[in-house]
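Hi,

Here is the structure I promised to pass on.

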Amino acid sequence: MEFGSVKHFLKGKTILVTGATGFIGKIFVEKILRVQPDVKKFYLLLRESNPCSATERMHNEVFGKDLFKVLREKLGGDFGSFISDKVMAVAGDISSENLGIRDVNLRKEMLEEIDIVLHSAASTKFDERFDVAMRINTMGAFNVVNFAKNCTKIEILLYVSTAYVCGETEGLILEESFQMGETLNGFSKLDIDFEKKLIEKKLSELQTHNSKEENITSMMRNFGLERAKEHGWPNTYVFTKAMGEMLVGHTKENLPVVILRPTIVTSTYKEPFPGWIEGVRTIDSFAIAYGKRKLTRFPGVINAVIDVMPADMVVNAIIVAMVANANQCYDNIYHVGSSKRNPLRYMNLLDYGYKYFTEKPYMDKDGTPIKVGRVTFLDMASFQRYMFIHFLLPLKYFQKMYRDNNRKIQIAMRLVNLYRPYLFFSGIFDDMNMKELQMAAMQGGVEMDLFYFDPKMIDWEDYFVNIHVPGTVKYLFK
């Protein structure tokens, strides 16, 4: 690993970002623009049909966010001109060849100028339509690699995957790459081209029968879950991300590539300010339900470890990994998580949530404080039995109420079943590569006060009670 000043490395660089409207992508762009304003240029690839709509979306969904208030205050009236000078929205689509960039001159300019590629675009729905998830998560990664290989100055491509490509693996989970065609169940053979043909066949059958769009969506979601489980993955999201990793490794040739696998990404720890969050994640949906006293029973193991990592630390790890691996041809995979070096347990989360909402209760629509209680943890069978006895069975005696509420309960149970592998997850993510990266960065002159990512520095009680839960209430509670 070769190190030095990260700010010096970033100076004069041209960076392509996919997924810039996403949580990680936005924080990455903000961080670099704030700490190294002498970066040459950002190209933000947005899924739009023309430059005008791409630019409008960029200003609304990226730079219009509260996340940029520190940079906005720092630059004052120069903020707009600074962004116009440093950032360009590019209309395109990662699921298409050449990333869907139609402007030949622009594409030529990008291929000649880009030094760094961050590929963070993804569909993160666990039960996304199989065809959609395949296009974005699998073939999107393939198309980004091919584009990066044609960049004449390319120094590094960093692909943001997920630690949960491991499926339901137990014990210590190593930072190892997938072999092409590998499956998690060990006895089936995965052929990505065959999966694509199955998708085409399924869509053709549904269209032949003139199925309604909502029926096609439902069938393709279920089909994705079936194919994922056939090969040992619990859902379509991690299945298609794993296939994306396989294609990256198989097709990269001499392209310098890093695969970074974050665990559950939570609100910012320190920068640009504590507690910024966007988009309801698994852990936050439960916090919202608990604060509104809609969660009294919970399926899971109370002393199990839940692996979370603040978003600014994930982004710092991304940037430092880019510096360490630039122009290097060896493969590196990094788990970015906390379960190995600073484990957090569900019982801790419950205590932190109870402490916060007892001291600062959420108000109902009438302005009355909502009093929270302790949550009871149940195994899956007990939770299903509880739901049947307390909700489904009584509803059957009240037909109108049954019609109105049965669908809501079925949706809730479907979500519980989707999240079940993570609620009962018993793996610990080894982060030896990440630890070695951190040690090398400290010894190599990296500005670790700016690019911190050590999970051991986090006091979980302070973080959740004073940073994450308040941020969730501010940005996500409706």
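**What I found**

Asn98 sits in the loop between β3 (87–92) and α6; helices here are DSSP runs of H or I with at least four residues, strands are runs of E with at least two, and both are numbered from the N terminus. Before going on, a word on the source: this is a predicted model, in which local features need pLDDT of at least 70, side-chain atom pairs count only at pLDDT 80 or more, and totals for chains, interfaces and linings use all residues. Residues are numbered from 1 along each chain as its sequence is written, and side-chain values use heavy atoms, with hydrogens and water left out.

Back to Asn98: its phi is positive, about 60°, although it is not a glycine. It is partly exposed, with a relative accessible area of 32% (buried is under 20%, exposed over 50%, partly exposed in between, using a 1.4 Å probe and protein chains only). Glu253 is another residue other than glycine with a positive phi, near 55°. You'll find Glu253 in the loop between α10 (236–251) and β7 (257–262), and at 61% relative accessibility it counts as exposed.

Now the chain as a whole. It has 17 helices and 13 strands, and its C-alpha trace spans about 70 × 55 × 45 Å along the principal axes. The radius of gyration is 23 Å, which agrees with the value near 23 Å for a compact globule of 478 residues (taken over C-alpha atoms; the globule rule is 2.2 Å times the number of residues to the power 0.38). Buried residues make up 55% of the 478. Of the contacts between residues at least 6 apart in sequence, 83% join residues at least 24 apart, where contact means heavy atoms within 4.5 Å.

On to the inside. The largest nonpolar core has 95 residues, and Phe28, Leu33, Phe42, Phe63, Ile318 and Phe464 touch the most other members. The largest share of this core, twelve residues, comes from α12. (A nonpolar core is a set of buried Ala, Val, Leu, Ile, Met, Phe, Trp, Tyr and Cys residues joined through side-chain atoms within 4.5 Å.) Apart from that core lies another, of 33 residues, including Ile173 and Met220. Leaving aside neighbours within four places in sequence, Phe63 is in contact with Val29, Leu33, Leu44, Met58, Phe68, Arg72, Phe79, Ile83 and Val87.

The peptide bond from Glu271 to Pro272 is cis, with omega near -5°, and Pro272 is in the loop between β8 (264–266) and α11 (282–291).

Lastly, Asp115 lies in the loop between α6 (104–113) and β4 (116–119). It counts as buried at 4% relative accessibility. Beyond neighbours within four places in sequence, the contacts of Asp115 include Gly12, Lys13, Thr14 and Lys153.

Cheers
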